[in-house]
Amino acid sequence: MLDNRLIEADATKLDELREILKAQENSDKLCGIGMKEIHIEHGAARKVCQAVKSLTDGKKVLMVTGPTEIVDVDGKNVKEAIKAYLDAEYDVEWLVISEPDSIVHATPENAAKIQAHFEGKDVVVGIGGGTICDLCKYSTYYYDHENPLPLVIVQTALSVNAFSDDSSVMLINGVKRTVHSRYPLILIIDLDIVAAAPAEMNVSGYGDLIATWTAPVDWYLGNVLGMGQHFHTAPSDMIRTQCERLLENSSKLAAGDAKTLGELANVLTLSGLSMGLANESSPASGSEHVMSHLIDMASGVRKTGICYHGTQVAVSGIMSEIIWDWLLNDFDPKKVDLDKCYPSFEEMEPRVKAAFDWLDDTHNAANECWADYQKKLQRWHDHKAEFKAFLENFDEFKKTVAPWVKKPEYIADCMHKANAPTRYSKLNFPVDEKTARWAITNCHLMRNRFSVIDLLHFTGFWTDEFVRRLIERAEAMDAGL
């Protein structure tokens with residue numbers, strides 16, 4: 001029986017949420033929430049000095065932003081306004097992280113630029129989107145693990161769920177990696193700021209939540225097969241019902257309805273917390289995210305910008321929904337030949353490296369992917385007993401996960417109503433067919449974590465013909481390529 005208090009959780013009531021989580025079965029498997037406060041309200045940015053004061057007695061503030069101008073609903077420059085609030089009480093250094101192409105990437109190199117300004121500072125205030133947030137979390141944590149500088153984040157768009165978790169998605173050796181970092185101690189979401197963000201950015205946050213219907217199922221699958229060990233229902237239970245309401249209100253989101261934006265802010269923040277509770281991004285990041293990561297990794301070779309993360313994830317989410325729908329309705333465990341499900345390391349190494357070698361001349365991306373993939377391959381070989389049991393009890397598995405999965409046609413319809421892109425070619429930086437097919441086909445080779453696509457690959461179903469039929473079904477929904 002689901003706890004109604006959990007499924008209607010309010011991200012701003014952290015103490016209450018902690019008590020609710022403590023009451024859940026096997027709550028000892030959940031990690032704590034390392035945040036002090038979350039503010040989601042109109043005019044919340046005015047609380048920035050109060051937030052700093054609650055974290056330090058010091059007066060030296062490092063304010064970190066990207067180069068893009070951000071305005072609120074009244075047309076006021078957000079960064080300059082927050083700088084003025086802070087200047088009234090603090091000694092503020094404003095650091096702008098920028099790159100020649102005006103697109104800031106979350107890389108260790110940019111994190112190092114921030115760390116170079118930490119000497120003598122008492123607190124860091126990051127203002128911006130997911131990239132600035134990830135850089136601030138990463139730079140403060142890896143500068144001093146034991147005693148990181150206090151961190152306040154002012155979120156300027158409802159673009160991703162990454163503001164309220166304790167990890168950072170970093171581009172390392174040309175490969176997207178989710179690495180442990182830290183929570184911001186205080187998160188400020190001013191509804192007057194996010195309401196003024198470009199509509200496609202808030203739709204991106206809505207898109208990021210499409211993973212709610214695929215990522216937790218990938219997570220559970222990995223747990224059943226012995227490929228993971230931290231699964232708990234609470235992180236996903238906490239957001240699923242509120243995500244269902246968002247889907248139902250897709251047309252209101254497209255219209256910029258204030259109440260719906262507030263609901264989006266709450267559930268996105270809860271989605272971030274769900275990843276911290278699990279101590280991994282699995283509750284909100286599965287096969288759909290890996291497809292998206294590969295497209296990002298190819299952007300340098302393609303000489304294009306990085307698409308809005310959430311909208312790219314949502315298009316990939318439709319593909320993952322189709323895959324899960326096939327598994328639950330068409331997969332026949334009796335057709336699986338166990339002896340053919342365990343490729344050797346000698347077989348897989350050249351295949352993995354060939355998939356990624358074209359990304360750079362140094363082979364760094366290919367080597368990074370193989371280093372991670374071989375850990376997954378070893379675990380797959382080590383847990384044959386769990387796979388055999390899975391095949392024997394597949395009907396029970398289906399009964400458990402079927403309520404967690406939505407029909408792909410329904411998801412695509414909701415995205416159309418939200419004015420969210422459903423095709424890679426319609427993203428803010430359009431993705432060509434060749435790159436999209438490559439990302440879909442090879443995404444399971446990129447990282448250590450197990451997903452439904454790994455299962456289909458090891459059982460022999462994941463072929464070029466399967467991918468072709470997958471894309472054809474998406475096409476019938478006005479989605480996919």
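Reply: Start with D134 and K137, which both sit in helix α6 (residues 130–143). Helices here are DSSP runs of H or I with at least four residues, strands are E runs of at least two, and numbering starts at the N terminus. This is a predicted model, in which local features need pLDDT of at least 70 and side-chain atom pairs count only at pLDDT 80 or more, while totals for chains, interfaces and linings use all residues. Residues are numbered from 1 along each chain as its sequence is written, and side-chain values use heavy atoms, with hydrogens and water left out.

The side chains of D134 and K137 form a salt bridge, 3.9 Å from N to O. The term means a side-chain nitrogen of Lys or Arg within 4 Å of a carboxyl oxygen of Asp or Glu. Both partners are buried. That means under 20% relative accessible area; exposed is over 50%, and partly exposed is in between, with a 1.4 Å probe and protein chains only.

Now the strands. β4, α6 and β5 make up a right-handed β-α-β unit. Right-handed means that, with the strands pointing away from the viewer, the path from the first strand over the helix to the second runs clockwise. β4 spans residues 123–128, and six of its six residues are buried, so the rest of the structure largely encloses it. V123, V125 and I127 point one way, V124, G126 and G128 the other.

β4 has parallel partners. Strands pair if DSSP finds at least two bridges between them. β4 and β5 (residues 151–155) share five bridges in the parallel sense. There, V154 is the bridge partner of I127. β2 (residues 60–65) also pairs with β4 in parallel, over five bridges. L62 of that strand stands opposite V124.

Back to charge, for context. Side chains of opposite charge can pair when their charged atoms come close. The salt-bridge count comes to 32. One of them joins K353 and E349 at 2.8 Å, N to O. These two are four residues apart in helix α16 (residues 345–356), about one helical turn. K353 is partly exposed at 23% relative accessible area, and E349 is partly exposed at 29%.

R469 and E465 form another salt bridge, their closest N and O atoms 3.6 Å apart. They are four residues apart in helix α23 (residues 464–475). R469 is partly exposed at 40%, as is E465 at 37%.
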